[in-house]
2 protein chains.
Amino acid sequence: MATSTTKTGQPMDRAVLESVLRRRLFYTPSFEIYGGERGLFDYGPPGCALQANVVDMWRKHFVLEEDMLEVDCTMLTPEAILKTSGHVDKFADWMCKDPKSGEIFRADHLVEQVLEARLKADKDARGQKVEVDEAKEAKKKKKVKDAKIEKLDDAVVQEYEETLAKIDNYGGDELGELIKKFNIKGPTTGAELEPPKAFNLMFQTQIGPSADVPNGYLRPETAQGQFLNFQKLLEFNQQAMPFASASIGKSFRNEISPRSGLLRVREFLMAEIEHFVDPEGGKKHPRFEDVKHVELTLLNRKTQLSGSTKPDVLTIGEAVSTGLVDNETLGYFLVRIQDFLLKLGVDHSKLRFRQHMANEMAHYAADCWDAELFTTYGWIECVGCADRSAYDLTVHMKKTGAPLLVRETRAEPLVIEEYQVDIDRKKLGPKFRKDAKAVEAAVDSLSQELREKLSIDLEKTGKIEVSTPGVGSGTTELDKDLVKIEKRKRTEHVREYTPNVIEPSFGIGRILYSVMEHVFWTREGDDARGVLSFPPTIAPTKVLLVPLSNHPDFKPFIKKLTSKLRKIGVSNKVDDSSASIGKRYARNDELGTPFGITIDFQTVKDNSLTLRERDSTKQVRASEDEILAAVQSLVDGSETWEQVAQRLPVFEGQEADPTEK
Amino acid sequence: MATSTTKTGQPMDRAVLESVLRRRLFYTPSFEIYGGERGLFDYGPPGCALQANVVDMWRKHFVLEEDMLEVDCTMLTPEAILKTSGHVDKFADWMCKDPKSGEIFRADHLVEQVLEARLKADKDARGQKVEVDEAKEAKKKKKVKDAKIEKLDDAVVQEYEETLAKIDNYGGDELGELIKKFNIKGPTTGAELEPPKAFNLMFQTQIGPSADVPNGYLRPETAQGQFLNFQKLLEFNQQAMPFASASIGKSFRNEISPRSGLLRVREFLMAEIEHFVDPEGGKKHPRFEDVKHVELTLLNRKTQLSGSTKPDVLTIGEAVSTGLVDNETLGYFLVRIQDFLLKLGVDHSKLRFRQHMANEMAHYAADCWDAELFTTYGWIECVGCADRSAYDLTVHMKKTGAPLLVRETRAEPLVIEEYQVDIDRKKLGPKFRKDAKAVEAAVDSLSQELREKLSIDLEKTGKIEVSTPGVGSGTTELDKDLVKIEKRKRTEHVREYTPNVIEPSFGIGRILYSVMEHVFWTREGDDARGVLSFPPTIAPTKVLLVPLSNHPDFKPFIKKLTSKLRKIGVSNKVDDSSASIGKRYARNDELGTPFGITIDFQTVKDNSLTLRERDSTKQVRASEDEILAAVQSLVDGSETWEQVAQRLPVFEGQEADPTEK
C-alpha cells in the first residue's frame, strides 16, 4: 500500500495532525473526564462549524440542485420495521471471544491485523525497507503476540496477501476456518479463541412504560424512514417519477470494538438519498449526458477477487456502456459524489470507487460502489452508492399491505392475452359452505401456466383438481358446472410497479476526518506550523480580524468590520489577545481560517486594511470597501486569491515580526 | 381560559389546521403504515425546510450574534454521567396503573383531565355558555367516565380551580392523595388506581457487546455534553469569562402516555445555550442596558400559588430591579428569547413568561422562567430559561476531580488573615510512624473556627486534641513541640470559582407547532382556503414559479429563473401541473410560500413577470431584473411588501380565473 502524504507531499504523521485537531477542539473524546467511552466523540466549535458547512453544501449540491424531497424521520424505530427490513436478523458483525481474558474482538479485523503484522515481520526479516508510516502503523496495532520477526515461505506470503484482498468477503464460518488455519490466538493471552458469533449492531431500547422487553432500536440508517413514507412522498410529488428523497441525521451502530478515532464510531451523522426509479427501461438518467465524459477511478469486484487492488481509470460513459457500472442512474450519482468530495477539498489522487464483493454487500443491495478516500488508516469507505433494487419497498408492502408502488396511466393501453377462470358462485357457495371462500381464493391465485394445463384437463375430463391447503384432503375437485377456463384478451390502462432505489449514502464524520487529512500540511521554515487548507466555503471561520495591539483606537474599526462581515454572511472571529500577530496567525492556520484582516495605525488614518491569505501568507492592502468586496468574492468562490492578488496592491508586512509601533 | 383564534381572529379549529399540515406533509405520524408509534413524528419536505430555516435563524440570532461556542456532543451517554447529574434518580414522572385494564396514565395529566371535565360538566349544568373549542377539547379528552353533566358546589369548583392552577407543583404522594380525595378512578374501567409510581423518562440501552445490563441512556438534554467539556471550552475561549456554549440536537424522553401531537413527543430537537457566568457581582450582563426598556408579560410564582394566572406586563429593567427576575443575565436572555420568537411569527398577545413553582423545577434549577405560547392546547412551554446555578459543574467536578472551574488572576491581590498550623515534620514522623500522614492530613483539614479554638488550648495547656478517625483511639494528642498555631496574613493572587449557568433551552418542535397555529388563517370568500402566513425568512419555500400553462415557450424562462433565484440564495419550486393558476396558488398558500411569480405570454414577449404576495393576493408586474431584486429584498427583510407594491406597477390579473390566454 502506498504511504500517506500531506497536501504538500510531506510524509504524513497522524500524531501531529491529531494533536492539532484536539488542541484546537475540532473534536474530543466524549465524556473524557469520566475516562471516555470508546467510539464516541464530540465536535468542538471549529469541528461543529465545519460539519455545519459541509452539511449545508451537501444540501445545496444534492437536495436543492436536484430538487429532492428532504425528510426528517425519527431515530427510535419499533422492532417490527427492522424485522421486516432484515436488520434484526442480518445486521451483524462476527465477534470472537478470548475465553481466558473475556476480551471480545471483531473477527475480520483480528485476522487482518495478525496477517498484516506477520507480513511486516517477514519484510523485516527479509531486510526490506519498511515505509516509515507502515512501521508506525504496525507498532500501533495492538501488541500482537506472534509478531516476532520471522521470515515466511513465499507461498504463505502470497496466501496472506490474497486473504487480505478478500477480507471483506468472508462470513463467520470462513473467518473461523481462517483463524484455525492460520493459527491465530488471543492477542494478549495466546489462548484458543471461541468460534465467531454474530453480534447484532443495533442499539436496543424500550419505547413506552409498559413493555417488559426491548421493543425498539436506534436506527442503523436513515433509509427506512424514507421508504415507509414513500406513498406520501410520491403523492407530495404529484405522482411524478423518478424522484428522490433525502435525509440528514444521526444513525447508530453498536461497534464491537471501535478504534480508528473518528472513522469507526457508534453514533454518526449520515446524509442519505433514496432515488426512486422505474426498473424498466435500463434506469436511465436525464442528466447522464451532461456527465458521461467525467473520469472515475474504479476498482471492480473481479479485480479484487483476483487478489489485486489496481483500479481502472475510465469515463463513466465507458463504464456504463461496458456494463462495469450497471446503469446510468448509478453512474450519474458516482459522478455527483465525486464532484461533491472534490468541492470539499478531497485530493483527487486519494479518491477511488470500489465495488463491493458478493458476500460483502448489505443484505438489501443488488450492487454497491463505495467512494473510498486514502488516509493514514488506508482506504476508507466514506460514501456508499448502492442499488437496493425493489427490496425494501417490496418487503414493507408485503408485510403491511400498504401500496408502496407507482400507478402510471399507460400511454398506450396494454392488451394482455391470458387464461381467465370463471366461477359459478351460486353453486360454489352451497357446495363448499364455509370453505367456499378458500376454494375461490385458491382458484384465483392459479398461475397462467397452471391455468393452461387445467383448461386442457377440464376439456378432457370435465373436471379439475386444485390444491387447497387446509380444505378437506388438501385437494379439491371442481367440475365444469362450477368453473370455466378460457383464453381471453384484457386491456390494461394502468401500469403498477415497485420502483427500484439507488442510494448514495454519506458518512459525514468519515468525510470530515479524511478531508482534514487531505488538506493538512506543515509550513516549513519556522518550527513546523500546522496548516489546514480548507476551501473557503467549508472553513469553520472565513476571516480572522487581528488588531495590531490592544490600542483603544482599533476597537470601533473591529466593531464596524464584524458587523459588515456578518451582514454579507461571512463568519468571522476577532483575536485581540496580546500574542504577537505571527502567533495569532499561526493559531489561526491550525484552525483553517483562509483569510486574515489586520487593523493597524494606517487603518485609523485612511481606513485601509491588510488582507492575508492563509496558504501563501501573501498580503494585499486596499480600502475597506475593496477588501470587503474581495473577501466576499473569495468566500463565494467567484474569484481566486491569485486574481485578487493581481488586482490589489501587494503589502510587504513582516507577519512574523509584529513589533513595529 | 381564553379561546384560541387564528391569525385573523377567526375561531381556531385545530382539526382544519391539522388536516392542512398532514395533507401538505409538514409532518406525519412515524411508521404509520405499521400502525404508528405514539409520540413519534416525521417531518415531510415543508416541515423539514421550516425546521432547517428556524434552526438557521436560531444559529444566527444566538450563536453568531453573541459569539457562542457551538458544540455537537453524542446522544448516547454512559450511566455514570447521568447518575452524577441526578437524572438517573430524579428525572421521572408519576404514573398510575389501572390494575383492571393494565392501562398506564400520567398521574398529573389524569387529575387535570378529570377535574377539567367535571368543571366543564358543571358549567353545562349551570347553563353557562361553553366556548366552541373548549367543548371540542372536552369531547376529545378520553371518554372520562364520570364526566356526566353534574352541578358542583361552589366550594368544590373553587377547590378544583385552585388545584389546577397548582397542578405542576405536586409530587407523587400529593397526586395520590388528590386521586383519593377527588375520587378519581380508572377512566375506562372505573377501578381504583394503583398509587403513583415514579417512572424514569430516559431510554436505556447497552453500549458495546460485553455488558450484560443496560449501561447507558439516550440523553434527556444536550446540556451535559456542554458541561463535561467546560474546561476545554474555557481554554478554547482563551480563559475569557463570561462565555456561552450552545448545541442543537435531538434529545429523548420516554413519555408515559404521549398525546397532544407534536407537543409531547419521545424524540425532539432541542437548541440549548449554557451561559457561564461569575456568580459574584450580581450576574450582570454587558448588553442589559440595550434591552432594559423591553416589556415582557410575566406570570410569577407567587401569583400562581395564590391560584391565579393573571400576568404582569413590565419592562425587564423594572423586573430585575424589583427582584422579580433574579438577575441581569437571566433578564437579558428572556428579552432575546422574546425577540427570537417574534421574528418567527409568534403572536405577541399569545406569549407569556411563567415562573416555575418550587416543586415543579428540575432538580438542578435555582430559578426558571418558561416562555409559553398560547395554542388550542392551552399555554405551552416552548422555551425554558433556567438558572442552574453551579449545580452541574460542581457535581461533575466532585465526582471526577476534573477542575471544572475558572482561575482568574486578581486585579488586586487578596489579603487573607487566617490561622495557620505549622507542623514539625522531623518530630512527627518518628513519633507516629505509619500514621504520620493521616495525622498531618487531619491537622491540615481543620477549619478556621477550630484552629482559633485550638490556638487557645495550645496556649493554655501546651497541647491540643485532634480528631483522627482510624488512628489510635480516634483522637490524637499533639503538644507544642510538634505544632504551632498562629494568626498570619496570606496574599492570594488567583481567584478560583465555579461558574453559574444560565440556560435558555428551546424545544424546536413545540415552537414550530405553535408558530403554525399562530400564522394560520382561512381566506374567506372562496371555500375557506387555508393560509400559513410564515414570515418570508422561515417559509419553507420562498417563491413559487407558475407558468400559465404547459406551453413549451415557457420552459426556458422557468429554467433561467430557477437558476437565477438559486444563485441569489432564494429557494423556489416550480408548479407546472395542469391545475388552474388559482388552484396552484391555493395549494401554495397552504404550504406558506410567500411569493409567486407567474410566467405568461407577455413574459415571452418582453421578459416581464407578475409577482404575487400570499397574504394580500395582490400582484405587481415589472421587468425580470426588477422582480428578482424585489424578491431578494423581501426575503432578506430589507423591504416590506407594502413598499414593493408602492414602487412597482400593480397588476390586476384574475388569479382565480386563469383562462385568459
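**Exercise 1.** Find the partner of Lys573(A) in a salt bridge, and give the distance between the closest N and O atoms.

*Solution.* Start with the rule: a side-chain nitrogen of Lys or Arg has to sit within 4 Å of a carboxyl oxygen of Asp or Glu. Asp67(B) is the partner of Lys573(A), with the closest N and O atoms 3.2 Å apart. Now widen the view: between chain B and chain A the count is eight salt bridges.

A word on the model: it is predicted, local features need pLDDT of at least 70, side-chain atom pairs count only at pLDDT 80 or more, and totals for chains, interfaces and linings use all residues. Residues are numbered from 1 along each chain as its sequence is written, chains are lettered from A in the order in which they are written, and side-chain values use heavy atoms, leaving out hydrogens and water.

**Exercise 2.** Work out how many residues of chain B are in contact with chain A, and how much area the two chains bury.

*Solution.* First, contact (heavy atoms within 4.5 Å): 74 residues of chain B meet 75 residues of chain A. Next, buried area (accessible area, 1.4 Å probe, lost on putting two parts together, summed over both): about 6300 Å², with 62% of it on carbon and sulfur atoms. Finally, 100% of the interface residues of chain B are interface residues in chain A too, so the copies meet through the same surface.
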